[in-house]
Amino acid sequence: MTRSPYLVEKTSVSIVMLKVLLALIPGVIAYVWVFGTGILITLALATVTAIVSEALVLKLRQRPVMPFLLDGSAVVTAWLLALSLPPLAPWWLIVLGTLFAIVVAKQLYGGLGYNPFNPAMVGYAVLLISFPVLMTQWPAPGVLAGAHLGFMDQLAYIFGRHLPAGVTLDAISSATPLDYLKTQLTLQHQVADITQSSIFGFMGAKGGEFVTAAYLLGGLYMWQQRIITWHIPVAFLGTLALMAGIFHLFDATQYASPQFHLFSRAAMLCAFFIATDPVSGPTTPNGKLIFAAGIAIITLMIRQYGGYPDGVAFAVLLMNLCVPLIDMYTQPRVFGHDK
């Protein structure tokens, strides 16, 4: 038997953020393999913008700069936003979204620990509402693209919108499966016929399934490292699969299968990296379950009936509004009190 005191080593914010970045690396590698090296340019541009803008705002607020920059939270926000954007988005779109995420959604609320909304999702939602056409111009995966763009070609396109001679935008871009499914369903086509398109893979987007699986691998690493708990990922993915399964059983001609919703676009990224934000999310176990289930339900409703092909960002922000209420009603009873 050992004697007290028992001391538990505290994990610093910088170590947690570093592990989050490490968990995202498999997704980045898969992203490069499927879509090309343009995502590396987007990540670098978002990271530099986040660090510079956070340093300037901290200086204006007369707060110490280096301790807050070294905690890594700005870089994590930049990466999450960059991975949510089309890899070949113009440079100014990346800078604008990152500025809004860091300056408005994070620093104007007081910085890390005070922001009520997920900064990356605020930046993404602002860009999606303001520039919907640019936000839907996703590149085709390498196996489907009609032309191959090297690193320098993608760099020229991001900063100058210049394509090599003889290459058109249609040769390198493609509709996302969620977008294609939504638009084709309005033309009275059935799901089984729509998913025969070449952009669909075995479970979701062709090629994108590997990116989604990589996010799942990184998320499991964070759970193993105890950076996140099981509550939010399980509740989000379970509710999304359950609701999609009910719709699919009701009418398989109009509603896609659960695996399609789980392996399309941002589901895994949301489950493990976005919804698990400890600042803008609930603090209680039961609150996390309610929070994640709410995100899943709103996401599916927007996918099925909303004006946007994916609803993760809006669902997260709407549930961020509910966090104080969720925490208030899910706090455990204080020991020694009858009521």
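**Entry 1: a helix pair.** I looked at how α13 passes α15 and noted a right-handed crossing (near helix turned clockwise from the far one by less than a right angle). The model is predicted, with pLDDT of at least 70 needed for local features and 80 or more for side-chain atom pairs, while totals for chains, interfaces and linings use all residues. Residues are numbered from 1 along each chain as its sequence is written, and side-chain values use heavy atoms, without hydrogens and water.

Helices here are DSSP runs (H or I, at least four residues), numbered from the N terminus. I read an angle of about 155° and an axis separation of 8 Å for α13 (residues 231–250) and α15 (residues 267–274); axes are lines fitted to C-alpha atoms over the stretch in contact, with angles from 0 to 180 degrees between N-to-C directions. The two helices are therefore roughly antiparallel (over 145 degrees). From α13, the contact (heavy atoms within 4.5 Å) involves I232, P233, F236, L237 and L240, and from α15 A267, M268, C270, A271 and F272.

**Entry 2: the core.** Of its 80 residues, L83, Y215, F236, F273 and I295 touch the most other members. Helix α1 (residues 13–35) gives the largest share, 10 residues. Beyond four places in sequence, I found L83 in contact with L24, V28, Y31, I39, L43, Y215 and L269.

**Entry 3: E54.** I found E54 in helix α2 (residues 38–60). E54 is buried at 1% relative accessible area (the cut-off is under 20%, 1.4 Å probe, protein chains only).

Notes
A nonpolar core is a set of buried Ala, Val, Leu, Ile, Met, Phe, Trp, Tyr and Cys residues joined through side-chain atoms within 4.5 Å. Buried means under 20% relative accessible area, exposed over 50%, partly exposed in between (1.4 Å probe, protein chains only). Angles under 35 degrees count as roughly parallel, over 145 as roughly antiparallel, 65 to 115 as roughly perpendicular and the rest as oblique.
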